[in-house]
Amino acid sequence: MKLLIVKPSSLGDIIHAMPAVGLLMECLPDAEITWVANDNLASVVSLAAGIRVIRFPRKALGKLSFGALRAFLKDLRQESYDAVLDFQGLLRSALISRFAHAKARYGFANGREGSPHFYTKAVALPAEIRHAAEKNLFFAKSFLQDQGITDFPLECAESKNITVPEAWMEEAVALQKEHGLLGKKLLAVGCSSRWNSKSWPVKYFADVLKIVAERRPDVGIWLLGGPDEAQRAESLKDECDLENVVNLAGKTSMGALTALLHESAGLFTNDSGPMHIAALLGVPCVANFGSTDPTLTGPYGPKGRHFIVASDCPKAPCFCRECPRGDNALCCSNTDRTMVAEEILKRLDARD
């Protein structure tokens, strides 16, 4: 059987589809699976061994590059598929599904922008399912049931066949050697996010990390982020004033970031893309949520692995990119820093 997965969008969206795709791979071991993903996220999809990736040239198409469109459609249509599974549920993903050579096209009945009109079968989700990963698992199970498969693994929270490439691991080891982290238990810290409203104050992070460092001086703390987040991470390093804090924001490729997360015993973070990567790799997360809802898009995994630090702001979750009250510090104004540090320490101790 040949299957086409359409899930081109954000990092979190792709990772929330991976447990479902892992279920497909486990229940259909002989299936050939191809995945359409945004070209800048293709490396993340490649973590799932055995999956062919078709790169969707989102930026080029945004600039009306007809050459990029022709090349994409040629790649999309060079194979014929038994079924397309549209995990995105938008007009763009539905059109990709329609243009592919496929006998059947599956999608969500509540898909937006008219997408259900392009499917041969639209799957209705039960109202009680909230988390994106659980919705994707239900969708995959519906497809499998149509193939006569009804005996599913009891535990579907773990993604299957996830492998970090050796080249990424070598890059991570080189960074650890360069910054004195090699051989230490690692705690990753993500103090930034694409939304300002999701970036809890630097002082809050520093308060928690000082408690962790006092209790576990053997732990190496590394700060992650992109080049545009390096200054915020440096501010956190200065605020902590701890010798075992290393700022790697802006110094890692996506591969090195992923490998360093794989080698970390835990992640203390805002709601962000690296949080989803860590969860995919089985790394325990202590994650701050205020403007977004962890029941919808929190770090996914077995019960008890992750801990959510929930805001007590009366507007949370507000889903606003900027704090509607004008001060992100209000999200954590009553948060017990010692309690948060204890949750981090529990996860570090469990991985000794």
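Reader: In which kind of crossing does α1 pass α6?

Author: First, a heads-up: this is a predicted model, where local features need pLDDT of at least 70, side-chain atom pairs count only at pLDDT 80 or more, and totals for chains, interfaces and linings use all residues. Residues are numbered from 1 along each chain as its sequence is written, and side-chain values use heavy atoms, leaving out hydrogens and water. A crossing is left-handed if the near helix is turned anticlockwise from the far one by less than a right angle, and right-handed if clockwise. For α1 passing α6, that makes the crossing right-handed.

Reader: Are α1 and α6 roughly parallel or roughly perpendicular to each other?

Author: Helix α1 (residues 11-27) and helix α6 (residues 132-146) pack with axes 7 Å apart, at an angle of about 25 degrees. Angles under 35 degrees count as roughly parallel, over 145 as roughly antiparallel, 65 to 115 as roughly perpendicular and the rest as oblique. So α1 and α6 are roughly parallel.

Reader: Which residue meets D75 in a salt bridge?

Author: A salt bridge needs a side-chain nitrogen of Lys or Arg within 4 Å of a carboxyl oxygen of Asp or Glu. For D75, the N to O distance is 2.7 Å, and the partner is R52. D75 sits in helix α4 and its partner in strand β3 (residues 52-56), so the pair ties together parts 23 residues apart in sequence. The partner's name, again, is R52.

Reader: Does R216 count as buried or exposed?

Author: Buried means under 20% relative accessible area, exposed over 50%, partly exposed in between (1.4 Å probe, protein chains only). R216 has 11% relative accessibility, so R216 counts as buried.

Terms used: Axes fitted to C-alpha atoms, helices over the stretch in contact; angles between N-to-C directions. Helix = DSSP H or I, 4+ residues; strand = E, 2+ residues; numbered from the N terminus.
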